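Q: I am new to this structure and would like to learn how to read it. Where should I start?

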Amino acid sequence: MSIHESGENYLEAIHIIGQRQGSVRSIDVVNYLGFSKPTVSVAVHTLERNGYLTITQEGHLVLTEKGLEIADRIYERHLVLTAILTHLGVPEANAAEDACKIEHDLSDIAFEKIREYYREHVCDKAE
């Protein structure tokens, strides 16, 4: 089953929030993404129904292996693309916003080449 860009954004947000604070509730996603509670509720239940996350009895959102795989992939793309754009002189806020737009549509082949460039040219400069 394929997942839409909006679903990828939710999974990435849940992953990021989870890394920052350990556990994630729907209200955390509301606050992080700036969407309404009903919008997030519908999205979360759709992601649960499609096997990308589970909701514990306490209301915590937990990514499944399938959900975490997508979240990791999108988040890595976001970080690498943001770093590349910043390295090229794009202000960080713009770079992050643009990376968010690019990360979903970029082919795996193109991203692999960008990641290779990042590792060879950008990581060395940042260290």
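A: Start with one pair of side chains in this predicted model. The side chains of Arg77 and Asp108 are joined by a polar contact of 2.7 Å.

Q: Where is the place of Arg77 in the secondary structure?

A: Arg77 belongs to helix α4, which covers residues 65–87.

Q: Is Arg77 buried or exposed?

A: Buried means a relative accessible area under 20%. Arg77 has a relative accessible area of 2%, so Arg77 is buried.

Q: Which residues does Arg77 touch, leaving out those up to four places away in sequence?

A: Arg77 touches Glu103, Leu106, Ser107, Asp108 and Phe111. Asp108 is also the partner in the polar contact of 2.7 Å.

Q: How many helices and strands does the protein have, and how do they run?

A: There are 6 helices and 2 strands. From the N terminus, the order is α-α-α-β-β-α-α-α.

Q: What share of the residues counts as buried?

A: Of the 127 residues, 35% are buried. Arg77 is one of the buried residues.

Q: How many side chains are positive and how many negative?

A: The protein has 12 positive and 21 negative side chains, and the centres of these two sets are 3 Å apart.

Q: What are the dimensions of the box that the C-alpha atoms fill?

A: Along the principal axes, the box is roughly 45 × 30 × 20 Å. The accessible surface of the protein is about 7700 Å², with 53% belonging to carbon and sulfur atoms.

Conventions. Residues numbered from 1 in each chain as written. Predicted model: local features only at pLDDT ≥ 70, side-chain atom pairs only at ≥ 80, totals over all residues. Heavy atoms only, no water. Helix = DSSP H or I, 4+ residues; strand = E, 2+ residues; numbered from the N terminus. Buried < 20%, exposed > 50% of the residue type's maximum accessible area, 1.4 Å probe, protein only. Polar contact = N/O pair within 3.5 Å; in protein donor to acceptor, adjacent residues only side chain to side chain. Contact = heavy atoms within 4.5 Å. Areas by Shrake-Rupley, 256 points an atom, 1.4 Å probe, with all protein chains shown as cover. Lys, Arg positive; Asp, Glu negative; His and termini not counted. Charge placed at Lys NZ, Arg CZ, Asp CG, Glu CD.
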